[in-house]
Structure formats: structure tokens, C-alpha cells
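Open the model in your viewer and keep the sequence panel beside it.

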Amino acid sequence: MKYLLVLLCCSSFISAAFAKCSSSGIYIKNNTIELNKEGLVVLEFYANSQSLIPHLNTKYPVYLKSSESKLTLVVKQIHKGYHLTQVVLIAETSLNELLTYGFHMDKLPRGERKPMMRTGGKLYGKEIVFTVSKSSKQTMPSFAGEPAEQKKTFDVFGCGPAKWVYFKIGLSDTTVKLVKALVRSKIKGTTTGYILPVENGVVAIGHGMCSGPFDFEESDYEIAFALLDSAGNEREKTKPLAFEAPVLKAS
């Protein structure tokens with residue numbers, strides 16, 4: 001009976017987490033269906049799907065296709081998270097502003113779902129079509145002050161804890177949607193990077209019940225945030241900010 005209760009508990013959370021607790025999943029993390037001319041696409045591979053990453057564009061072609069051309073998406077960066085791996089891709093040549101581009105990943109193994117995308121409250125599944133942003137000369141956005149820790153949470157669930165730290169960041173351009181978080185363990189000295197969304201001026205680092213960008217294996221860390229150019233390269237960076245991992249509060 002004990003094991004049955006655990007299974008039922010996990011199943012309820014799986015439904016609430018959009019099947020994130022399944023054995024696999026591929027997700028497009030761009031939070032808009034508009035691409036820049038470089039064709040920057042951010043994918044996340046969950047659990048067993050992570051095994052596909054070394055075979056992108058060999059066994060599993062990934063590309064953008066318009067009415068005029070087919071552009072391979074080249075792997076630019078790979079960031080390892082907690083039961084999750086982020087892959088940053090960029091088109092082999094610049095996109096045409098006058099065209100739309102469908103996202104494709106071919107020859108996936110049987111049972112592997114096609115990549116899915118959620119933006120603006122809408123779930124895109126069967127076919128994802130991107131428009132291209134119009135080119136215009138704009139100044140590179142900058143940080144408006146240093147980031148500050150806002151709050152941290154530690155929630156216990158039946159299938160594992162969710163641990164998050166929320167940071168408030170000020171930006172000169174509020175249309176910036178993505179930044180790169182660079183988390184350094186002050187004990188091991190290792191740094192982990194991950195591209196994350198900015199939501200109402202806040203960036204969350206950590207992981208949910210099943211997966212997430214960062215795990216907290218030690219207690220003491222420091223974090224810096226980097227702005228990205230249209231090709232995903234790091235530009236302006238904040239000063240490192242020390243913080244402690246979330247812990248379970250005594251009841």
C-alpha cells in the first residue's frame with residue numbers, strides 16, 4: 001500500500017507538470033514565435049531524451065525550412081542542468097525577413113515526441129512556424145544596477161523537492177527576454193551556465209520536482225548574469241553575487 005500511495009502521488013504531480021515527469025521530452029524554450037536573423041533556437045532535452053544530443057544533425061537532422069530554403073541549425077552551446085540539458089542552436093546562414101520558417105527535427109526514435117513549445121499561454125506541438133524580426137539598428141541593452149536576491153523556496157513533493165532562488169534584475173530594455181545565469185560553487189570552484197527567461201524583471205534558478213536548470217549540491221554559491229547578443233554570445237556581465245542554497249525550514 002505504501003508504494004501504491006507514492007505512485008499515485010507522483011502521478012498527480014506528473015499531470016500538473018505537463019508530463020515533465022515522464023521519461024523523455026524535447027522542448028523549444030524560445031518564449032516567442034519570432035526569431036532574429038541569426039535563427040537562434042534554444043532547446044531543452046529532458047531525461048532519456050538527453051541521449052539524442054550527440055547525434056543531432058547526424059542521426060537526427062534539425063533545421064528551419066522556408067518556401068525557398070532549408071537551413072541546418074548548428075549546435076553552438078550545450079548547458080547541463082538537473083535531469084535536463086539545454087542546447088543552443090543557430091542557423092547556418094542568416095534568415096530572410098520576408099519568409100516564415102518551420103522548425104523540424106527528423107528521424108526521431110519511436111516513442112519520442114516531436115519538440116513542443118509554450119508561449120503566451122499557447123502550446124505549439126504539431127508544427128512550429130517562426131516569423132523573422134525586422135532588422136533595425138538598436139543599442140545593446142545594459143543592466144540597470146546590480147541584481148538582488150528576492151526570495152528562495154524549498155517545497156517538498158512526493159517525488160522530490162523543488163528548490164528555487166529568485167533574483168531581481170534591472171534592465172535598460174524591458175523587451176529583453178533571455179539572459180544567461182552563471183552559477184559558481186564556492187566550494188568546488190566550478191561554474192555552470194544556463195540561458196533563462198526574464199519574467200517581470202525576475203530570473204529563477206534551481207529546479208522543480210523533476211528537473212530544472214540548476215541543482216544545489218552545496219550550500220554556498222555566487223551568481224552573475226550576462227546579456228546575450230543576437231547570436232547568443234555573452235556580452236555585459238554583472239558582478240558576482242553571493243547566495244546560499246535553499247534549505248528545508250524546520251516545522
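**Stop 1**

Exposed means over 50% relative accessible area, buried means under 20%, and partly exposed lies in between (1.4 Å probe, protein chains only).

A word on what you are looking at. This is a predicted model, in which local features need pLDDT of at least 70 and side-chain atom pairs count only at pLDDT 80 or more, while totals for chains, interfaces and linings use all residues. Residues are numbered from 1 along each chain as its sequence is written, and side-chain values use heavy atoms, with hydrogens and water left out.

Glu-217 lies in the loop between E15 and E16 and Lys-188 in the loop between E13 and E14, so the pair ties together parts 29 residues apart in sequence. Glu-217 is exposed, with a relative accessible area of 59%.

Two terms are in use here. A salt bridge is a side-chain nitrogen of Lys or Arg within 4 Å of a carboxyl oxygen of Asp or Glu. Strands (E, at least two residues) and helices (H or I, at least four) are DSSP runs, numbered from the N terminus.

Is Glu-218 buried or exposed? Glu-218 is buried, with a relative accessible area of 17%.

**Stop 2**

Select Lys-180, Glu-234 and Lys-237. Salt bridges that share partners join these residues into one network.

How many salt bridges does a search of the whole structure find? The search finds 9.

Next, pick Glu-222 and Arg-184. Their side chains meet in a salt bridge, 3.5 Å from N to O. Glu-222 sits in strand E16 (residues 220-228) and Arg-184 in strand E13 (residues 178-185), so the pair links distant parts of the chain, 38 residues apart. Arg-184 counts as partly exposed, at 32% relative accessibility.

**Stop 1**

Two strands pair if DSSP finds at least two bridges between them.

Focus on strand E12 (residues 160-168). This strand is joined to E15 by 6 bridges, and the two run antiparallel. Click Lys-168: its bridge partner in E15 is Val-202.

**Stop 2: two positive phi values**

Select Asn-200, in the loop between strand E14 (191-197) and strand E15 (202-207). Asn-200 has a positive phi of about 55°, although it is not a glycine. At 75% relative accessibility, Asn-200 counts as exposed.

Jump to His-83, in the loop between strand E5 (70-80) and strand E6 (84-91). Phi of His-83 is near 60°, again positive in a residue other than glycine. His-83 is partly exposed, with a relative accessible area of 43%.

**Stop 3: Lys-70**

Stay with strand E5 and select Lys-70, which is placed there. Leaving aside neighbours within four places in sequence, Lys-70 is in contact with Tyr-63, Leu-64, Lys-65 and Glu-92. Contact means heavy atoms within 4.5 Å. The C-alpha atoms of Lys-70 and Ala-91 are separated by 9.8 Å, and the two residues are 21 apart along the chain.

**Stop 4: the whole protein**

Zoom out. The protein has 1 helix and 18 strands. Of its 251 residues, 42% count as buried.

Colour by pLDDT, the predictor's confidence in each residue, from 0 to 100. The mean is 87, and 86% of the residues reach 70 or more. Over residues 1-20 the pLDDT is below 50.
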